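Good morning, everyone. Please look at the sequence and the structure on the screen.

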Amino acid sequence: PRGAVTSGDDTRQLEAGSEPPDWRGLLDLLEERTGKKYDDLWRAWVVRHDEAHLLDLRAGARTKYRAVVSRAGEWQLPPVVRQSMRAWQFQGATDLLDAANGALDDRAAVTAAAAAAELGVPRALEAAFESNAGFAAAATEADAELMAIDIYRQARDSRPADPGIVEQVGLLWATPDADFALAAEAFAIGDLRASVEASTAARVVWQNAAYVGQGRLMTSLAAVLVALVMVWLFVSWVRGLRTRRVMRRRRAMARPIARGRP
C-alpha cells in the first residue's frame, strides 16, 4: 500500500493502490511506517534535479494537511483529499484543503449559532463534509442550517415574555409552544424543512396574538351588545304587551259603567 499523511498520533490511512509504489510512494510508505523523515535523503540520492520541486510541494501540502486534519478533529477528510495526497497531486490537494478549511469555518458558525439558540447540532453537515459530494455540498448544508437557526431564533424572540389579557385571549386554542418544541427536535435530527415550518407556525401565532385577541374581544363585545339589544327589545315587547292588555281590561271595565249612568 501507499503511505499515509500523519499528524501526531492521528494517522489517516490512504487508500491502497493496486500498482507497486514508485519512489514517491516508497517515500510515503517509509515515513508512515517509521514516523521519521526521509525527504532529505531522497533529495540527495533518489530524486532527479528536475523533480526536486515535488519534494517542496509535498512538504507544503503535508503541512497544510496535518493542520486541517487537526482542526477537523473527529471529522474525517473525504477520500478525494487523501487520494490527491497519495497521487502527489499537491495543487489539487491544496485547493481541496482550502475548501475543507472553509467548510470547517462553516461548522464553527453553525456550532456557535446553534449553541446561542440552545439547539442540538445535526450530523448532516459532518456527513456532507466527509463525502465525495464536494465541499460545496457542505457549504450548502451549512447555509441551510444557519437559515433554520435564524428562523428558530426569530420565533423565540417573538414569544411574549408576559402576555397581557388581550394576548392571552389571542393564544386560546393555539399551540405555539408545541410547534416551537417540534422545531428544536426536527433541527436536531436534521429535518430542516420541518424545523422551519414549525418555527414559522409558532412565530406567526405569537406575533399575531395581540391582533387575534383584539379581534376576538371585539367580536365578543359585539355579540354581547347584540344580545343586550335583543334582551331590551324582548323586554320592551313584553312590557308593551302587558300595557296593551291592561288598557284593554280598563276599556272593558269602563263600558258597563258607562251604560249604567242616567
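I will go from the overall fold to the core, then to the charged side chains.

A word on the source. This is a predicted model: local features need pLDDT of at least 70, side-chain atom pairs count only at pLDDT 80 or more, and totals for chains, interfaces and linings use all residues. Residues are numbered from 1 along each chain as its sequence is written, and side-chain values use heavy atoms, with hydrogens and water left out.

Start with the fold. The protein has eleven helices and two strands. Both are DSSP runs, numbered from the N terminus: helices are H or I with at least four residues, strands are E with at least two. Along the sequence, the pattern reads β-β-α-α-α-α-α-α-α-α-α-α-α.

How much of the protein is buried? Of its 262 residues, 32% count as buried. Buried means under 20% relative accessible area, exposed means over 50%, and partly exposed lies in between, using a 1.4 Å probe and protein chains only.

Now the contacts, meaning heavy atoms within 4.5 Å. Residues 24 or more positions apart account for 69% of them.

Next, the core. A nonpolar core is a set of buried Ala, Val, Leu, Ile, Met, Phe, Trp, Tyr and Cys residues joined through side-chain atoms within 4.5 Å. The largest one here has 47 residues. Trp23, Tyr65, Leu77, Trp88, Leu119, Phe129 and Ile149 touch the most other members. Several helices supply at least two residues each, among them H1 (23-34), H3 (52-72) and H7 (135-158). In soluble globular proteins, nonpolar side chains tend to be buried together.

Zoom in on Trp88. Leaving aside neighbours within four places in sequence, Trp88 is in contact with Trp23, Arg24, Leu27, Asp28, Leu54, Leu55 and Arg58.

Now helix H3. H3 has 21 residues and reaches 31 Å from its first C-alpha to its last. That is close to the 30 Å expected at 1.5 Å a residue. The expected span is 1.5 Å times one less than the number of residues. The buried residues of H3 include Arg58, Arg62 and Tyr65. Just after H3, Gly73 takes a positive phi of about 65°.

On to charges. A salt bridge is a side-chain nitrogen of Lys or Arg within 4 Å of a carboxyl oxygen of Asp or Glu. How many does the structure hold? It holds 18. Asp98 and Lys64 form one, at 2.7 Å from N to O. The pair links distant parts of the chain: Asp98 is in H5, Lys64 in H3, 34 residues apart.

Asp150 and Arg153 meet at 2.5 Å, N to O. Both lie in H7, three residues apart, about one turn of the helix. Arg193 pairs with Glu197, with the closest N and O atoms 3.3 Å apart. These two are four residues apart in H10, so about one helical turn separates them. Arg193 is exposed, at 66%, while Glu197 is partly exposed, at 47%.

There is also a network: salt bridges link Asp28, Glu31, Arg58 and Arg62.

Last, Arg203 in helix H10 (residues 192-207). Arg203 is buried yet has no salt bridge. Which side chain of opposite charge is nearest? Asp150, 8.8 Å away. Lys and Arg count as positive, Asp and Glu as negative; His and the chain ends are not counted. Beyond its neighbours within four places in sequence, Arg203 is in contact with Gln154, Ala155 and Ser158.
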